[in-house]
Amino acid sequence: MAVNQIPVTLRGAGLLKEELLRLRSEDRPNVIQAIAEARAQGDLSENAEYEAAKEKQSFIEGRIAELESKLSNMQVIDPTALNAEGRVVFGATVRFEDLDTSDVKIYQIVGEDEADIKSGKISIASPIARALIGKHEGDIAEVSAPGGIKEYEIIEVLYV
């Protein structure tokens with residue numbers, strides 16, 4: 001993977017492409033229309049609708065540029081096509097047990113843009129993901145936490 005490439009799962013790439021399409025085909029034309037309507041109201045120096053529409057346009061254009069940059073620099077990884085021989089890698093789903101509490105958690109390791117702890121997706125940059133990467137079923141991953149070292153036993157590694 002080249003230095004500037006951003007890893008993203010197949011699902012994450014699809015979500016970014018959908019957002020870019022929506023911004024270009026819906027949000028951008030809507031804000032242009034709102035600016036035209038606000039201009040038609042006359043004096044722009046005290047026109048709150050015009051200022052709000054211009055701010056929204058600036059945000060949309062910035063987000064479009066950000067998404068285009070990310071999409072051009074990303075490396076799409078399909079977790080179902082991985083053959084990591086049971087090793088935890090980007091895109092893998094890991095079931096592991098907290099050795100202190102016996103809580104079992106299941107997380108997929110994903111890119112920063114698609115991380116969502118509530119839906120079981122953690123960023124590759126997170127301390128837990130960094131501790132899990134490269135381990136196999138049965139291995140113990142140690143994570144430095146504010147309360148000390150947390151130990152997790154890897155129960156299962158899935159490529160789904």
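User: Which residues does Asp27 touch, not counting residues up to four places away in sequence?

Analyst: Please note that this is a predicted model. With residues up to four places away in sequence not counted, Asp27 touches Arg22 and Ile60.

User: What joins the side chains of Asp27 and Arg22?

Analyst: Their side chains are joined by a polar contact of 2.5 Å.

User: And where is Asp27 found, in which helix?

Analyst: Asp27 belongs to helix H1, which covers residues 10-40.

User: Is Asp27 buried or exposed?

Analyst: Asp27 has a relative accessible area of 18%, so it counts as buried, the cut-off being under 20%.

User: Changing topic: how many residues are in the largest nonpolar core, and which have the most contacts inside it?

Analyst: The largest nonpolar core has 17 residues. Those with the most contacts inside it are Val88, Val94, Phe96, Ile109, Leu132 and Ile154. The elements that each give two or more residues to this core are strands E3 (93-98), E4 (104-110), E6 (140-145) and E7 (148-158), together with helix H3 (127-132).

User: What does Val94 touch?

Analyst: Leaving aside residues up to four places away in sequence, Val94 touches Val88, Lys105, Ile106, Tyr107, Ile109, Leu132, Ile154 and Glu156.

User: Which residues does the second core include?

Analyst: The second core is separate and has 15 residues, including Ile35, Tyr50, Leu67 and Met74. As background, nonpolar side chains in soluble globular proteins tend to be buried together.

User: Now Ala84. Where is it found?

Analyst: Ala84 is found in the loop between strand E2 (74-77) and E3. Its relative accessibility is 9%, so Ala84 counts as buried, again by the cut-off of under 20%.

User: Which residues does Ala84 touch, not counting those up to four places away in sequence?

Analyst: Ala84 touches Val89 and Tyr159 on that basis. The C-alpha atoms of Ala84 and Leu158 are separated by 9.9 Å, and these two residues are 74 residues apart along the chain.

User: Last topic, cavities. How many of 30 Å³ or more does a search of the whole structure find?

Analyst: The search finds one cavity of 30 Å³ or more. The largest cavity has a volume of about 50 Å³.

User: Which residues line the largest cavity?

Analyst: Its lining consists of Ile6, Pro7, Val8, Leu16, Lys70, Met74, Gly111, Glu112, Asp113 and Glu114. By class, five are nonpolar, one is polar and four are charged. Strand E1 (residues 6-9) supplies the largest share of this lining, three residues.

Notes
Residues numbered from 1 in each chain as written. Predicted model: local features only at pLDDT ≥ 70, side-chain atom pairs only at ≥ 80, totals over all residues. Heavy atoms only, no water. Core = buried A, V, L, I, M, F, W, Y, C linked by side-chain atoms within 4.5 Å. Buried < 20%, exposed > 50% of the residue type's maximum accessible area, 1.4 Å probe, protein only. Helix = DSSP H or I, 4+ residues; strand = E, 2+ residues; numbered from the N terminus. Contact = heavy atoms within 4.5 Å. Polar contact = N/O pair within 3.5 Å; in protein donor to acceptor, adjacent residues only side chain to side chain. 1 Å grid on protein atoms, 1.4 Å probe; cavity = no way out; pocket = protein on both sides within 12 Å on 5 of 7 lines; lining within 4 Å. Points joined across faces, edges and corners; volume = space filled by probe spheres on them. Nonpolar A, V, L, I, M, F, W, Y, C, P; charged D, E, K, R; others polar.
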